[in-house]
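The following exercises concern the chain displayed below. Each sets a task and then works through a solution step by step.

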Amino acid sequence: MDAVLYSIPYLLDGLGITILVSLIVVALSLIIGVILGVGIIYGPLPLRLLIRLIGDGIRGIPILVLIFLVYYGMPALGLNLSSFWSAVTALTIFKSAHVIEYVRGAVLSIPRGQMEAGMSIGLVFRERLRFVIFPQAVRRFLPPWLNGVTDAVKGSALVSLLGVVDLMHAINQVIGRTYEPLPLYILGALLYFAINYSLSTLSKVLERRYSYIRE
């Protein structure tokens, strides 16, 4: 119990870094993934093929390998990123590749006639996406995306391998001082569980809520 009480301030600091990493990765991957997801559907053929090649390639690389590739590879390209931003960059690249597929699946689930109907009433392409396609596709997009958010939170633990003091790294630091690993790992697991269980519950609610397209 003493080890747990001693660890709380350190674990809360580490939890703050974990949440910060997760928020940045989720926000950036959402923006990048949506843009590229639209590009893979409606872009010219060379762009679609390029996005497909990059997305499939990234999803085929283990996230740990990608983190080290960014961390050690960026300096060779003249980009000296800190450990924090190297980890965030790698996780963002990895999650963006998945968001592309979420967007592609959600948009392609909308009947083609919806786009044609928007065109028939004079909406330009941007307006057809904004007022016709996206409001319907978002209902198919949200549940898998929220599941992906939980993966981002769990994946954020890998930033500790680059020396970033997140929740996992803070746990290991405290263990090195108290030599009581079991209660600290249990506490860390409970903190991760609390975050991911909340997200999973929200995902299930949205999945039930948007399990069909309302006419």
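Two residues are in contact when heavy atoms of theirs lie within 4.5 Å. The structure is a predicted model, in which local features need pLDDT of at least 70 and side-chain atom pairs count only at pLDDT 80 or more, whereas totals for chains, interfaces and linings use all residues. Residues are numbered from 1 along each chain as its sequence is written, and side-chain values use heavy atoms, with hydrogens and water left out.

**Exercise 1. Summarise the fold of the protein chain.**

Step 1. Count the elements: the chain has 8 helices and 0 strands, which gives the pattern α-α-α-α-α-α-α-α along the sequence.

Step 2. State the dimensions: the C-alpha trace spans about 70 × 45 × 25 Å along its principal axes.

Step 3. Consider burial and contact range. Of the 215 residues, 43% count as buried. Among contacts between residues at least 6 apart in sequence, 76% join residues at least 24 apart.

**Exercise 2. Characterise the packing of helix 3 against helix 4.**

Step 1. Take the geometry. Axes are lines fitted to C-alpha atoms, for helices over the stretch in contact, and angles between N-to-C directions run from 0 to 180 degrees. Helix 3 (residues 63–73) and helix 4 (residues 83–108) pack at about 135°, and their axes are 8 Å apart.

Step 2. Name the orientation. Angles under 35 degrees count as roughly parallel, over 145 as roughly antiparallel, 65 to 115 as roughly perpendicular and the rest as oblique. Helix 3 is therefore oblique to helix 4.

Step 3. Identify the residues. Helix 3 contributes Ile 63, Leu 66, Ile 67, Val 70 and Tyr 71, while helix 4 contributes Ser 83, Ser 86, Thr 89, Ala 90, Leu 91, Ile 93 and Phe 94.

Step 4. Sort them by class. Ala, Val, Leu, Ile, Met, Phe, Trp, Tyr, Cys and Pro count as nonpolar, Asp, Glu, Lys and Arg as charged, and the others, Gly among them, as polar. The contact of helix 3 with helix 4 has 9 nonpolar, 3 polar and no charged residues.

**Exercise 3. Repeat the analysis for helix 2 and helix 4.**

Step 1. The axes of helix 2 (residues 45–59) and helix 4 come within 9 Å and cross at roughly 125°. The two helices are therefore oblique to each other.

Step 2. On the side of helix 2, the residues are Ile 51, Arg 52, Gly 55, Ile 58 and Arg 59; those of helix 4 are Ile 93, Phe 94, Ala 97, His 98, Ile 100, Glu 101 and Arg 104.

Step 3. By class, the contact of helix 2 with helix 4 has 6 nonpolar, 2 polar and 4 charged residues.

**Exercise 4. Which accessibility class does each of Ser 7, Gly 163 and Tyr 179 fall into?**

Step 1. Ser 7 is in helix 1 (residues 2–42) and, at 0% relative accessibility, counts as buried. Leaving aside neighbours within four places in sequence, Ser 7 contacts Val 174, Leu 184 and Leu 187.

Step 2. Gly 163 is in the loop between helix 6 and helix 7 (167–178) and counts as partly exposed at 43% relative accessibility.

Step 3. Tyr 179 is in the loop between helix 7 and helix 8 (181–209) and is exposed, with a relative accessible area of 68%. Its phi is near 60°, a positive value in a residue other than glycine.

Definitions and conventions: Helices (H or I, at least four residues) and strands (E, at least two) are DSSP runs, numbered from the N terminus. Buried means under 20% relative accessible area, exposed over 50%, partly exposed in between (1.4 Å probe, protein chains only).
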